[in-house]
Structures are given as structure tokens and as C-alpha cells.
Amino acid sequence: MQVLFQRPKALTDAPFHYCPGCTHGIIHRLIAEVIDELGVQGDTIGVAPVGCAVFAYNYFNCDMQEAAHGRAPAVATGIKRAHPENIVFTYQGDGDLAAIGTAETVHAAARSENITVIFVNNAIYGMTGGQMAPTSLVGQVTQTSPYGRKVEMQGYPVKVAEMLSTLEGSAFIKRCSVDSIKNINDTRASIKKAFQCQIDKKGFSLIEVLSTCPTNWGLSPVEALEWLRGNMMPHYPLGTYKDITGGDKK
Amino acid sequence: MDKVLMKGNEAIAEAAIRANCRHFFGYPITPQTEISAYMAKRMPKIGGTFLQAESEIAAINMVYGAAGAGVRAMTSSSSPGISLKMEGLSYIAGADLPCVVVNIVRAGPGLGGIQPAQSDYFQAVKGGGHGDYRVIVVAPASIQEAVDSTINAFDLADKYRMPVMIIGDGMLGQMMEPITFPETAGKALAEKEWATTGTKMTRKPNIINSLYIQPEELEKIIMARQKKYEDIEKSEVKYEAEGLDDAEIVIVAYGTTARIVKAAMALAQKSGIKTGLIRPITLWPFPKDIIYKTAKKAKAIISVEMSTGQMVEDVRLAANGACPVYFYGRTGGAVPQPKAIFEEIRRYA
Amino acid sequence: MTREILFAGFGGQGILFCGKVAAYAGLVSGLEVSWLPSYGPEMRGGTANCHVILSDKPVGSPIVNNPTDLVVMNLPSFDKFEKTVAKGGNIIIDSSLIGKKSEREDINVHYIPATQMANDMGLGKLANMIMLGKMISVTKIISFEQVKKGIEKSVPPSKKDLIESNIRAFEAGYNY
């Protein structure tokens with residue numbers, strides 16, 4: 001029998017708990033495919049966040065540590081310093097990485113900690129039920145910005161890729177999206193490049209992935225993808241923001 | 001081996017290195033900064049890692065990561081910084097990870113002051129962070145004991161897979177006393193089969209985690225840990241006792257305070273008052289049995305602390321009404337004077 | 001035998017080092033010792049002091065409340081600690097920095113112009129060792145030879161060339 005499609009080896013058999021239309025599943029799969037392609041499953045240690053992806057340690061078929069909210073880059077630092085030859089990645093949402101864990105994120109990048117961060121930006125807190133995120137757009141209605149995010153009240157959304165690219169310590173920073181086949185393929189290639197950056201000991205790499213949250217955005221999966229393209233992409237332009245690995249520039 | 005004079009903080013750092021700790025994550029704060037400074041100097045020379053974290057929160061989470069990855073990891077701080085570490089400490093306890101945390105206590109609350117205090121007792125022994133968990137808390141009274149306790153702390157942490165806290169104060173951290181380091185070289189460390197080291201495709205993935213959504217599952221895990229805590233309460237209690245046989249007044253004091261109490265006891269002896277001392281070396285597990293046994297014979301017990309009365313609550317619980325338990329303390333960085341303690345002894349004799 | 005010594009002066013006068021030499025000298029003499037510094041912001045240019053206990057019994061409290069010996073090198077410390085000296089104890093005063101005289105009659109008072117002597121001898125900042133020399137010659141707690149060893153152990157390896165001048169300063173105070 002010819003196998004046309006199968007689960008990546010770096011994913012376990014556990015069924016994802018994510019909502020219909022949520023793009024976490026796609027991003028998990030892309031990471032797992034990259035781990036398979038690079039043949040590093042036995043060397044990889046992942047760090048799960050607090051947020052919708054909190055159960056990531058059940059899905060990735062490699063050693064995993066669950067971190068406190070926002071602390072994944074610090075936990076990953078501890079792991080990497082203990083085992084510099086292992087591949088260490090964190091998987092974090094926008095609240096985890098860009099609000100409560102901003103200091104850990106910025107300083108891991110500043111130290112050029114040789115880890116890979118997969119940053120899932122869907123502009124909202126998913127697990128707690130749709131509160132304003134540090135990356136929520138101006139005007140975006142959430143449970144905690146019921147009249148829309150107002151700059152006088154809640155300030156501006158944080159552009160993580162741009163911000164981290166200004167640090168000398170960051171090696172490879174790119175913003176991708178999983179709204180289309182083309183962009184999904186580009187995201188896979190970018191995650192692979194980020195892992196390769198770590199394997200080559202080039203330093204801190206981060207892939208920001210624009211992602212959807214149909215449930216908390218109150219949209220159908222298809223509408224959500226359109227909203228991502230129409231609203232998030234203009235504010236969060238895709239592209240490479242930093243690359244010292246000798247690859248493509250924005 | 002030759003005796004050397006060393007500051008408490010530096011001696012603790014060197015002891016950790018001799019206990020094969022090669023991963024230290026810290027953040028500067030008075031009066032424990034010498035620990036970080038010593039590690040910064042020594043670690044690079046012995047292939048270890050010293051990392052000055054961006055915060056105490058980050059430092060304890062780096063310890064979580066490194067401990068989860070199977071290496072001996074340590075952090076140190078002083079009171080305000082320890083408060084920040086409480087989140088991480090709860091996660092470390094909840095994920096059953098071994099690590100050593102040093103708290104060179106200063107006066108609080110808030111920014112408080114930098115002089116010696118024992119006002120973090122509650123935080124250290126009653127949890128501090130959230131959830132049903134314990135930390136083994138060891139309170140050395142001399143630099144030699146700090147050295148021995150630190151080395152032992154790593155063994156205890158590994159044995160029980162839990163955090164061990166060494167608690168001292170600025171006096172202990174800053175003073176110098178002659179010490180010798182016990183022979184530790186070549187001591188083999190136990191294999192940590194549960195650690196995240198990469199599966200090498202030879203075993204199932206290891207997961208370091210404290211999240212259990214199902215109450216029945218979480219309760220089972222907490223109760224298993226509780227059983228471990230009960231075992232520790234049976235086998236790891238440490239204390240020093242002096243003059244308990246015929247003492248009218250028994251003082252309970254720990255750490256540097258106990259040394260000052262000894263000066264007060266000498267004054268009492270001159271006045272013909274028979275005093276005894278119980279010095280808890282482990283604050284958790286607490287030496288309750290000896291306190292109860294003593295309370296049944298003594299006229300009174302006085303808990304002497306550099307706080308407004310924290311350990312005294314545990315002393316009362318232990319004495320269980322068998323004799324009156326009084327309290328004397330100074331706080332805010334003020335240190336009890338032998339004469340003042342003697343006055344208390346005389347008052348209840 | 002227990003000596004409870006308090007060294008006090010300004011930060012930068014080598015007060016803590018002086019105490020360290022005394023502690024190390026005690027250690028090589030086979031005594032039990034403790035050394036406790038003042039610490040924190042007050043060290044930065046303010047007053048500095050350290051408590052050293054030398055004893056043939058294990059040291060209890062490392063805090064010196066009533067020194068048997070006070071070595072004092074500035075006026076604020078003299079004003080603060082003179083009255084705390086134990087009856088029958090010694091006070092060694094750097095008379096080039098402290099103009100006041102002690103009015104206590106129940107202690108032994110020794111004046112030595114240590115800072116002036118150090119300047120005259122070209123020994124810059126070694127007034128502290130001159131003071132220590134005087135204190136040791138008065139109290140006879142430890143022998144000259146043992147203090148020499150204490151100096152050798154206290155000077156960091158990178159500053160080995162300073163051992164000799166420290167010993168010279170100590171000797172000057174010892175013979176004063």
C-alpha cells in the first residue's frame with residue numbers, strides 16, 4: 001500500500017483539542033514536519049506556553065517542558081545552557097510572549113540565546129475567552145476592549161518582529177502567515193530555516209506566525225482568514241526582519 | 001585539609017560548586033550579591049554556566065529549565081527577590097524538580113532594609129508560592145554549617161525531587177569564619193531518567209509539567225507528594241539541642257539568632273537560671289517532637305527571632321499547650337541583644 | 001580567653017582588611033575566629049567597621065557589642081564606640097585623625113599618630129596596619145610571627161608585592 005499522507009513522526013497520536021478553523025494545528029504540524037525533515041526528533045526539547053497551546057507537550061513527540069505564563073524563553077535558556085547540543089524551541093502565543101513574558105523574550109533575544117521561538121500571533125487571548133492581547137489591533141473589539149481598542153486607553157499593538165529585529169542579538173526574525181497554501185509553505189520553510197539557524201549556532205531565531213482565532217473573533221473559519229488578510233497583514237507586514245544567516249533580506 | 005577564612009556568601013557558592021552544581025542563574029541584590037559574583041568568576045573556569053538573568057523571575061525559570069534538563073541548578077537572592085521567585089518555586093515543586101535556592105534574608109516588607117532579618121519564615125516554610133507544596137528549608141548558624149548544608153541540599157533535592165532552600169541572613173552572608181570543605185570530588189550523581197535530555201529515539205518523551213486538568217488526577221499527584229512530605233518529616237528533621245535535661249526555660253531560635261541566644265544563656269547561667277536551647281536546623285521539616293517533649297518538662301519556652309513572631313506559631317503548635325510559649329524578637333534589621341534576651345529569660349524563670 | 005575586637009573608621013582606610021589580618025592571624029594561632037563587617041550603602045565612603053572575635057572556645061554571637069579592644073580611626077566612630085568598650089579593655093586611637101581624648105578611667109587608652117607615621121614612612125594607606133601593630137603589642141593576643149602569616153594569607157595573590165610594606169607598617173605600630 002502506498003502512503004500518500006501521514007502524521008509527522010514528531011507529532012504524537014493525541015488528537016488536537018483546538019477549535020474548528022484554528023490554525024494552531026497547522027503550525028504544530030509544520031514544526032513537526034521540520035523536525036522530521038531535519039532528523040532531530042531525538043535531540044529536540046520543546047517548551048510549551050500558557051495559553052491555548054498549553055497542551056503542546058501532549059502533541060509533540062519529543063521531550064517537552066511546560067513553562068509558567070510568559071517564562072518559556074527563560075526555561076528554554078535553562079535547558080539550552082544545560083544541553084547546548086540539543087535543539088530547543090518554545091511555542092508561545094501573543095499574551096504569553098508579548099505581554100507577561102516580554103522581558104524574557106527581549107532578553108533571550110538580546111543574549112542571542114541559541115533557541116528558536118515560534119510566536120503565534122492571533123491578536124487575542126484565546127484560552128481565557130477572548131480578551132485584548134498586546135497585539136490586538138486598534139479598534140478591535142474584545143471582551144476587555146468592548147468598545148474597540150482605543151489608543152488613548154490601551155495604547156498601540158506591539159510589533160514583535162520589528163522590535164526584536166533591532167536587537168544585535170537576534171539572528172533570524174521573520175513574520176509569516178498560515179492563511180494560504182503559499183504562505184503555509186513559506187512558514188514551513190521559515191521554521192526550518194530558524195531551526196537550521198540554531199543547529200548552525202547562529203543565535204536567537206523567532207518566527208512570528210499570523211494566525212486566526214475564529215471562536216473568539218466571532219467569525220467563521222473562512223471569514224477569519226479574510227479578516228487576517230484584511231486587518232492583520234496591513235498592520236503586521238509579512239517578511240524577513242533580520243537575517244544574519246546569509247539568506248534572503250526583506 | 002587547611003582551614004580557610006571565607007565569607008558566608010562565597011562559601012555557599014564554593015560549596016555548591018563542590019556539590020557539582022554547574023548551572024547558576026541569579027540577579028544582583030544586597031546582601032547576597034557575593035554569591036553571584038563568586039559564581040561569575042568561577043563557573044567559566046570549570047566549564048559551568050553563570051548567567052545574570054534579566055530578573056529574579058527569569059532566573060528561577062532558568063533554574064526550572066536546567067533542573068528539568070537534569071543538571072544541578074541553583075539560584076540565590078534576598079527577600080524581595082525571593083518574593084519574585086515564588087511563582088517559579090511553585091512550578092518547580094509542582095513539576096517535582098530538584099533545585100537549590102538561597103535566601104539571604106533582609107528586612108521587609110517591601111524594599112525594607114538590608115540588615116539581618118528572619119521575617120521570611122512564613123514565606124519559606126508555609127509555601128510562599130501557590131498550591132499544596134513544601135520546600136525543605138535549612139537554616140545554618142555558622143559558615144561551616146552553611147557549607148555542609150549547601151552540599152547536602154543538592155543531595156536532598158535530588159533524592160526527593162523537590163526544591164531545597166538555604167535560609168540565612170546578611171550576618172551569615174557577610175561574616176567570615178574558618179571552614180573546611182568536605183571531600184566531594186568524584187562523587188557520582190544519580191541518573192535522572194525523567195529529565196528532558198532529548199529522547200535520542202531510544203525512549204518515550206519525558207514531559208516536565210505541573211498541569212493536570214482532571215481533579216482526580218491532580219489530587220492523586222498531590223497526595224503522592226504529600227506522602228513524600230510525610231516521609232521527609234520522619235527522616236530529615238535536624239536540630240541542635242543544648243541543656244534540655246534540667247532547663248527551666250527553653251529557648252527556640254534558629255540561624256544567627258541562636259548564636260546570640262547562647263550569649264544570653266551564658267548570662268542566665270551566671271544568675272543561676274537553668275536554660276536550654278533548641279535550634280531548628282531544618283525549619284521544614286520542623287523539629288516538633290523534641291519541642292513537645294521539652295514542653296512537657298519546661299517551665300516556659302521562648303521563641304527568639306528577628307521578626308515580629310513567625311516561628312513562634314509553629315513552636316506553639318508543637319508545644320500543644322504543654323507549657324506556655326512566649327516570644328521575643330527584634331525586627332526591621334535590628335538584632336536582639338544578649339542582655340535583652342536574658343531579661344526575657346529572667347521574666348519567665 | 002576571648003577577645004572581642006572592634007575596628008572602626010572611614011571606608012577606604014582599610015578597616016575591613018585590618019580585621020581580616022587579625023582574624024587570619026588568630027586562625028594560624030589555632031584560635032576560633034569570626035569576622036563580621038558592616039555592609040551596605042554605608043560602606044560607600046561612609047563609616048566602616050568590623051567585629052573580630054578571637055577565642056579559645058567556639059565563637060557564639062559574632063556581634064561585638066562591648067569590645068575588649070577598640071581600634072578607632074575617625075571621630076564619628078570614637079564618639080559612637082568609646083563608651084561601649086568593656087571595663088578594663090583597650091582603646092587604640094589614631095591621634096593624627098582624632099583630636100579628642102578619652103575621659104574614661106576604667107579602660108586603657110593608647111594614642112598613636114598612625115596616619116602621620118604612615119605618611120612619614122611613605123607607607124601611604126597603611127595606617128591601618130600601624131594601628132593593628134599597636135593593638136597587638138598592647139594585648140599580646142597573638143605573636144608577631146603569626147600576624148606576619150596573617151598578612152601573607154590576607155593579601156590577595158595579585159598584590160603579593162604589598163606584603164612587605166604591610167609588615168613594615170605593622171612593625172612600626174608594634175614597636176611604637
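Modeller: A salt bridge here is a side-chain nitrogen of Lys or Arg within 4 Å of a carboxyl oxygen of Asp or Glu. The model is predicted, so local features need pLDDT of at least 70 and side-chain atom pairs pLDDT 80 or more, while totals for chains, interfaces and linings use all residues. Residues are numbered from 1 along each chain as its sequence is written, chains are lettered from A and ligands numbered from 1 in the order written, and side-chain values use heavy atoms, without hydrogens or water.

K200(B) pairs with D43(A) in such a bridge, with 3.3 Å between the closest N and O atoms. Four salt bridges are counted between chain B and chain A. The rule also finds 19 residue pairs in polar contact across this interface, both residues at pLDDT 80 or more (N or O atoms within 3.5 Å, one able to donate a hydrogen and the other to accept it; residues adjacent in sequence count only through side-chain atoms on both sides).

On the side of chain B that touches chain A, two or more residues each come from β2 (23–26), β3 (49–52), α3 (56–68), α4 (79–94) and β9 of chain B (DSSP runs: helices are H or I of at least four residues, strands E of at least two, numbered from the N terminus). α3(B) gives the most, eight residues. That side divides into 17 nonpolar, twelve polar and five charged residues (Ala, Val, Leu, Ile, Met, Phe, Trp, Tyr, Cys and Pro are nonpolar; Asp, Glu, Lys and Arg charged; the others, Gly among them, polar).

In total, 34 residues of chain B and 33 of chain A are in contact (heavy atoms within 4.5 Å). About 2,500 Å² is buried between the chains, 58% of it from carbon and sulfur atoms (accessible area lost on putting the two parts together, 1.4 Å probe, summed over both).

Strands also pair between the chains: β2 (residues 63–66) of chain A and β9(B) run parallel and are joined by two bridges (at least two DSSP bridges make a pair). M64(A) stands opposite I207(B) in β9(B).

Back to K200(B): this residue lies in the loop between β8 (176–179) and β9 (207–208) of chain B. Most residues other than glycine have a negative phi. K200(B) has a positive phi, near 55°. K200(B) is partly exposed, at 45% relative accessible area (buried is under 20%, exposed over 50%, partly exposed in between; 1.4 Å probe, protein chains only).
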